[in-house]
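Please walk through this structure with me, strand by strand.

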Amino acid sequence: MTEYPSADRDDGEFRHASGLLATGVSVVSTAGPAGSGGQTVSAMSVASYDPAMLLVCVNRRSPINDLVRANGTFCVNALAAHHSPVADSFAGRPRPGYAAWDFTCGDWDTGGARPPRLLDAVAVFDCVVAQIVPAGSHFVYLGAVSSTRHRTNPPLAYTGHRYHRLAVLTERASA
């Protein structure tokens, strides 16, 4: 792995500043011969429209890394505003009455050969691993999208170390 010079910055300041960015919240899930699992992520984005590809960033310490590598597939479940208990569970901090990394915390389709899908997610993207890139404390997964589905639920957002619901801003009339 290439070592990059450290800029004159305070890593605590970098964490604080980047924590102020608003992101969507997703659970990356996988299932296959190596087993099943899921992990909450806030770094997910479209990498390409043609061909359809997503990228997700997963902390190196997450046990889902070994599963995704071995299974060769993953699913990105973009969470709806009411899914904060699901997000907490798959982040390893379940609320009372929920278990960590447990697919009973939501309405999941865990049948079949594909990764678990959250039935009332905003969007679901089934992906085949196209590339894995080490990036500091994380792995960046590029996934070739094999299927999608979506609903009109409002998404769950995360900023300032808290979950948020999005609100539509009205446009000001031009003068």
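Strand E6 (residues 73-78) and strand E9 (residues 123-135) are antiparallel partners, joined by six bridges. Two strands count as paired if DSSP finds at least two bridges between them. Helices (H or I, at least four residues) and strands (E, at least two) are DSSP runs, numbered from the N terminus. Within this pairing, Phe74 has Cys127 of E9 as its bridge partner.

A word on the basis. This is a predicted model, in which local features need pLDDT of at least 70 and side-chain atom pairs count only at pLDDT 80 or more, while totals for chains, interfaces and linings use all residues. Residues are numbered from 1 along each chain as its sequence is written, and side-chain values use heavy atoms, with hydrogens and water left out.

Now follow E9 onward. Twelve bridges tie E9 to strand E10 (residues 138-150), and the two run antiparallel. E9 and E10 make a hairpin with two residues between them. Gly136 sits in the turn, with a positive phi of about 60 degrees. Asp126 has Ser147 in E10 as its bridge partner.

Val128 also belongs to E9. Is Val128 buried or exposed, or something in between? Val128 is partly exposed, with a relative accessible area of 41%. The cut-offs are these: buried means under 20% relative accessible area, exposed means over 50%, and partly exposed lies in between (1.4 Å probe, protein chains only). Leaving out residues up to four places away in sequence, Val128 touches Gly72, Thr73, Leu142, Gly143 and Ala144. Contact here means heavy atoms within 4.5 Å. Val128 and Met44 are 84 residues apart in sequence, and their C-alpha atoms are 15 Å apart in space.

Turn to Arg117. This residue lies in strand E8 (residues 117-118). Arg117 is buried, because its relative accessible area is 12%. Which residues does Arg117 contact, leaving aside neighbours within four places in sequence? They are Cys75, Asn77, Asp107, Trp108, Asp109, Val124, Asp126, Ser147 and Arg149.

Next, the rings. A search of the whole structure finds five aromatic pairs. Rings of Phe, Tyr and Trp (its six-membered ring) pair if their centres lie within 6.5 Å; planes under 30 degrees apart count as stacked, over 60 as edge-to-face and the rest as tilted. Phe90, Phe103 and Trp108 form one aromatic cluster. Arg60 lies over the face of Phe139, at 4.4 Å from the ring centre. The charged end of Arg69 also sits over the Phe139 ring, 4.5 Å from its centre. The criterion is NZ of Lys or CZ of Arg within 6 Å of the ring centre and within 35 degrees of the ring normal.

A second sheet comes next. Three strands form an open sheet in the order E1-E11-E12, with antiparallel pairing. Strand E1 (23-24) and E12 are at the edges, each with a single partner strand, so one side of each has no neighbour in the sheet. E1 pairs with E11 over two bridges, and Gly24 has Ala157 in E11 as its bridge partner. Four bridges join E11 (residues 156-159) to E12 (residues 162-165). Ala157 stands opposite His164 in E12. E11 and E12 form a hairpin with two residues between them, and Gly160 in the turn has a positive phi of about 60 degrees.

One loop deserves a stop. Gly32 lies between strand E2 (26-30) and strand E3 (37-41). Gly32 counts as partly exposed, at 34% relative accessibility. Gly32 and Pro115 are 83 residues apart in sequence, yet 7.4 Å apart in space, C-alpha to C-alpha.

Finally, step back. The chain has three helices and twelve strands. Of its 175 residues, 35% count as buried. Among contacts with a separation of 6 or more, 63% join residues 24 or more positions apart. The C-alpha trace spans about 55 × 45 × 40 Å along its principal axes. A compact globule of 175 residues would have a radius of gyration near 16 Å, and the chain's 17 Å agrees. That radius is taken over C-alpha atoms, and the globule rule is 2.2 Å times the number of residues to the power 0.38.
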